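Open the model in your viewer and keep the selection tool at hand. We will go one stop at a time.

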Amino acid sequence: MTDLLQLLINGLLAGTLLAVPAIGFTTIYAVLRFPNFAVASLATIGAYGGYVANVRFGLPLPASLLAAFVTAGVAGVASDEIALRRLRLSGPLTLAIASVALTIVLENCVRFGFGNDLRGYDLPVLRDWRVAGLRIGPQQVENAGAALVAMAALFLFLAFTRTGKMMRAVADNPMLASLKGIDAVTVARIAVFTGMGLAGYGGMLIGLDTSVDPLTGFRVMLSVFAAAVVGGLGSIPGAVAGAFVVGVGEELSLLVLDPAYRTAVGFVAILAVLSFRPRGLLGERAF
Amino acid sequence: MTIIPTRRQAMLAALAMPFLGRVAQGAAAEPILIGTLTPQTGAGGSFGPGMVKVAKAVVDDINAAGGVLGRKIELVSADDETNPDAGVRAARKLIDVNKVDAIAGTWASAVTMAVAPLCWDNKVMLFTVSGADSITKLPHQGYIIRTQPNTYLQSGRIAKYIVGDKATKVFGLSAQTPFAVDSYNRLAEVLKAGNVEPLGDIVYDAAKTSFRSEIDQALKTKPDALFLNSYTPDITVLLRELFRAGYEGKRYTFGYAATPKLLENVPADVVEGLVSFAPSPDLGSPAYARVKRILGAEPDPYAAQIHDHISLIALSIAKAGASGGVAIHDFVRAVGDAGGTKVTSAIDGLKLLADGKAVNFEGASGPCKFTPLGDIEDCKFRFDVAEKGKYRLLSIS
Amino acid sequence: MASYLLAMAVFAGFYALMALGLNVIWGLAGMINLGLVGFFAIGAYTAALLSVKLHVPMLVGWGAAAIAGSVAGALLAVVTARLKGDYLAIVTLGFSEIVRLTASNEIWLTGGTDGISAIPGPFRGALSPLGFNLVFAGLIWGVVAVTALALGRLSASPFGRVLRAIREDEMVAAVAGKPVLAFKVRAFALGAGVLGFAGALYAHYNGYVAPDAFQPLITIYVVLALTAGGTGTMRGAMLGAVLVIALTEGTRFLDDVLPGLAPVQIAALREALIGTALIVILTWRPQGLVAERTRVLQLEAL
């Protein structure tokens, strides 16, 4: 029983980390209607942005996370304007494929500048708490907290600001939104900035637990896409739910399967969910 | 610095030519081409750049001292992308376009296995740092030389050390690699013989970002020592999580996983007491010191090994008196001649060879004597312990 | 140099054959398949195991590889029958990762990450390396040509027309009385069979297969090849494959012209250039280098 609880806790903590880039991915999907695979490299760029802020400039964790968000957001918008914007009319598939090429380019820009050496943040590693035979990491809780802060901020932004409402309008019905005079280009830019910023923020959270190198984002991307798909592409609460399904599913699989098969289990879970709900857990309603 | 008279070497080369399969086409001024095939991108990317840096520096030193047989060495570097599919195409370019005599530095076992048949088909020597035992068992006709001790040798030695270190119950955590299972089996065998209990082994997927549950599973068996058969990215995660989990026992791993760079990037208390293990030359080896100087940092084992690859290639060509893969193939074992003068750099060795003397090369990774299969016969290992974020040498044995 | 160019022509042939297989599934039937390297791997392993462990004649192994690819494709098509678009993309991507994980972990069958070596090649022992490349280049491009012709005929046949109808609007096709699922399964099986066959040839050419050779990057390159060449057309698939190999291999010569950069920077620059070139092509020719001529367009031309 304790074992099961422990696996659940591990899975939930892993899930909160996956949730942030998954939300970023799904936000862009909601507005622009194509899977932007460049989130992988922008998560890496965010992790490096946070690294520079934290190690080179000695900023504390919250400020470094903000730096990660802004770096990835700005890089995301810039690369989107340069590489993808002209392809918007060519259809979602061409865009998705171009975003794969873009992610290769961006990953290598990072490699060109920083090399392949592993880097770590300048933060202490703390011992876990032990509560009733369970092991909980203060830092994992802190990271999960940071993830929740990001999600809450996004929710407030979408629910209460004018820009946020515009984004939702475009996501729900682009045609109607343009009739009402909402500027689709600006909304798209804001969506990309927010989405890629979240990817970068999530990339740094992942880097905190692992290490920072040009493949930091790439390594987790399959799980991130899986989370967004399970939840229903374009649905933000869906991405969160999907992240928990994938995170917990991968941990629970250890009960019955070899750890080497963890990734596979994640995908079987997706297949199971999608067989019953082909549009994901929460469908495609954006928010 | 004395410049070796190039004309004499050219004459020597000319004299030796009729006895050798492949003739160096007479033109003494043509450079000797050597390829490096290292991972610059992909999972092995943290090692490739340092390896090429060392290879370049060794080549520059040799050229500055007059080259080999009066000819300069030219290094051609290719990226294998840590991927056998891309590695084969990169090797094709090195072999078919650049016409290299030898390829040095292949790192991932799958890349080495994929590239090896191209090398022996085209009579190009392959020097590798890959660990999988199956590599030297390929029908390579002597065209593979491996400076990395094989799994059997490594795991046996590390197990002996663990026995001597008074561990009683050992658990293994291994990344999914070609040698994960063999490694653990050999370890368990030697541990049992030393009355240490092997508790079991978990093979994990190295691409994951968290191994909390795997660690819980391992610690449940109450080990007092862990054998971490990992690579750098995953061991970073493992060490942090072991620390968080409050694990206080011993941890042993390979020097290529817990590199000196890793110690710089992880808080010191996380790695405190970690014992790492790498093939090594004698204490105070000038070759090792040279690699350290080139890198400006403590070398990882692969950087040390490629120093030896390039040196061996240069020395074999000098000993043969001709370039070409066949010459290197035939003479690579003759430059580790036990009766010869011990040398630790290619330049010293080239001078002696030019004077017609025998040499016994001992490089930055240790003595370079190879079995007929191409494995190193035996080597010493160094054991370092991490203390306050730096390695301290425990012993070389 | 000749040997090198021939070897690259062989690799371009593999990519072309894969692009053709993908073209049936994606180009004609409109099902996104990001798991194509999985079928390629299944074919490669089938052929390798049959010839190394059971000493089955090579041609039989190739046939078996195509069948194994087909069966896997049909199964996946049935399992994912209800999924569309991006959902199908991620599930097929997962499928190829599962194939790779299985190959890594079922050591008793596949040799694990060690892979399978010493796979014989057609006439390899009897020929010089140059001769072997020549024979193989001829073989693979012969296969590509035959496949392209056959698939071209198929695409113009009633079967191909139904597939395109499904691609454009599944509902309409269903209303018109076409058994949509059966057609999709057949398209998937056919394309996956071509992919499996390509894998078999690859195994016998390289003489070695290992899980690491079947990374998603191959899928990405083949998808890029097909998109850049022109989805839905056989000529586009072949042209795109040649283009992708020319890009990935041509950029290897950067070293020789760019002194002064660290090797890791040259490697980074090289991969960035490949990506940039593909984005430029997509922007310049969104329909690919060879655009599909549909009936509507032809009517307009009249």
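How many bridges join strand β6 to strand β8 in chain B? Select residues 169–175 and 225–229 of chain B: five bridges join these two strands, which run parallel. Within the pair, B:Gly172 stands opposite B:Phe227.

A word on ground rules. This is a predicted model, in which local features need pLDDT of at least 70 and side-chain atom pairs count only at pLDDT 80 or more, while totals for chains, interfaces and linings use all residues. Residues are numbered from 1 along each chain as its sequence is written, and chains are lettered from A and ligands numbered from 1 in the order in which they are written.

Now show the whole sheet in chain B. Seven strands form an open, mixed sheet in the order β7-β6-β8-β9-β10-β14-β15. Strands are DSSP runs of E, at least two residues long, and helices are runs of H or I, at least four, both numbered from the N terminus. Two strands pair if DSSP finds at least two bridges between them.

Colour 197–204 and 390–396 of chain B. These are β7 and β15, the edge strands; each has a single partner strand, so one side of each is left without a neighbour in the sheet.

Next, select residues 212–219 of chain B. This is helix α7, which packs on the sheet and touches β6, β7 and β8. Touching means contact: C-beta atoms, placed from the backbone, lie within 7 Å.

Last stop: chain C. Chain C has 14 helices and zero strands. Its C-alpha trace spans about 55 × 50 × 35 Å along the principal axes.

How values were computed
Contact = placed C-beta atoms within 7 Å. Axes fitted to C-alpha atoms, helices over the stretch in contact; angles between N-to-C directions.
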